[in-house]
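Here are a few notes to read with the structure open beside you. Take them one at a time and find each spot as you go.

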Amino acid sequence: MIYSFMKQKYPFFDSPLENNKKFDDITATDVISYGMQTNDPLCMKTIEKFTQIFGTETGNMALKTLPYGGIYLVGGVTKGIQNYLLSSNTFMNAFADKGRLEDHMKSKFRVLLVDPEIEIGLLGAEEKARRESLL
């Protein structure tokens, strides 16, 4: 878990989150919600590191699959860190950090954050059913 790694790296950050739960019982949901609500330094470092890894791996996947129609970020973790994604350049900097391909990453791939209120799975199933019924 990234939180335990960050705890080792920043032992001087004392998170009040650990006062409420035993260290081994702390989940990613706890870290994200507590960090986003209170700006706890250790939780925010964890969110920052996760966002950096998320951006790097999303960029790697983009280079493998060439999604010129766009990359759509969706899901529970994305919803949890949505405000951080919108207010920080961490994700996009890590996404585009591909050496000589950096300009290509910035100009060719749109990264879109899907509104968490949209039930994308349901909409996709509905569209698939509509297309099947037209055949």
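1. Start with Asp30, which is buried because its relative accessible area is 16%, and the cut-off for buried is under 20%. Bear in mind that this is a predicted model. Asp30 sits in helix α3. If you skip its neighbours within four places in sequence, Asp30 touches Leu17, Lys21, Asp25 and Gly35.

2. Now for the rings: the whole structure has four aromatic pairs. In one of them, the ring centres of Phe54 and Phe91 are 5.3 Å apart and the planes stand at 65°, so this pair is edge-to-face. Phe54 belongs to helix α4 and Phe91 to helix α7, so the pair links parts that are 37 residues apart in sequence. Phe91 is buried, at 4% relative accessibility. Both rings also belong to one aromatic cluster, made up of Phe50, Phe54, Phe91 and Phe95.

3. Next, look at Tyr68 and Phe109, a stacked pair with 5.3 Å centre to centre and 15° between the planes. Tyr68 is in the loop between α4 and β1, and Phe109 is in the loop between α8 and β2, so parts 41 residues apart in sequence are tied together. Tyr68 is partly exposed at 46% relative accessibility, whereas Phe109 is buried at 3%.

4. Last, some backbone angles. Most residues other than glycine have a negative phi. Asn39 has a positive one, about 55°, and lies in the loop between α3 and α4. Asn39 is exposed, at 54% relative accessibility. Leu66 also has a positive phi, near 50°; look for Leu66 in the loop between α4 and β1, partly exposed at 41%.

Note on methods: Residues are numbered from 1 along each chain as its sequence is written. This is a predicted model: local features need pLDDT of at least 70, side-chain atom pairs count only at pLDDT 80 or more; totals for chains, interfaces and linings use all residues. Side-chain values use heavy atoms; hydrogens and water are left out. Helices (H or I, at least four residues) and strands (E, at least two) are DSSP runs, numbered from the N terminus. Buried means under 20% relative accessible area, exposed over 50%, partly exposed in between (1.4 Å probe, protein chains only). Contact means heavy atoms within 4.5 Å. Rings of Phe, Tyr and Trp (its six-membered ring) pair if their centres lie within 6.5 Å; planes under 30 degrees apart count as stacked, over 60 as edge-to-face and the rest as tilted.
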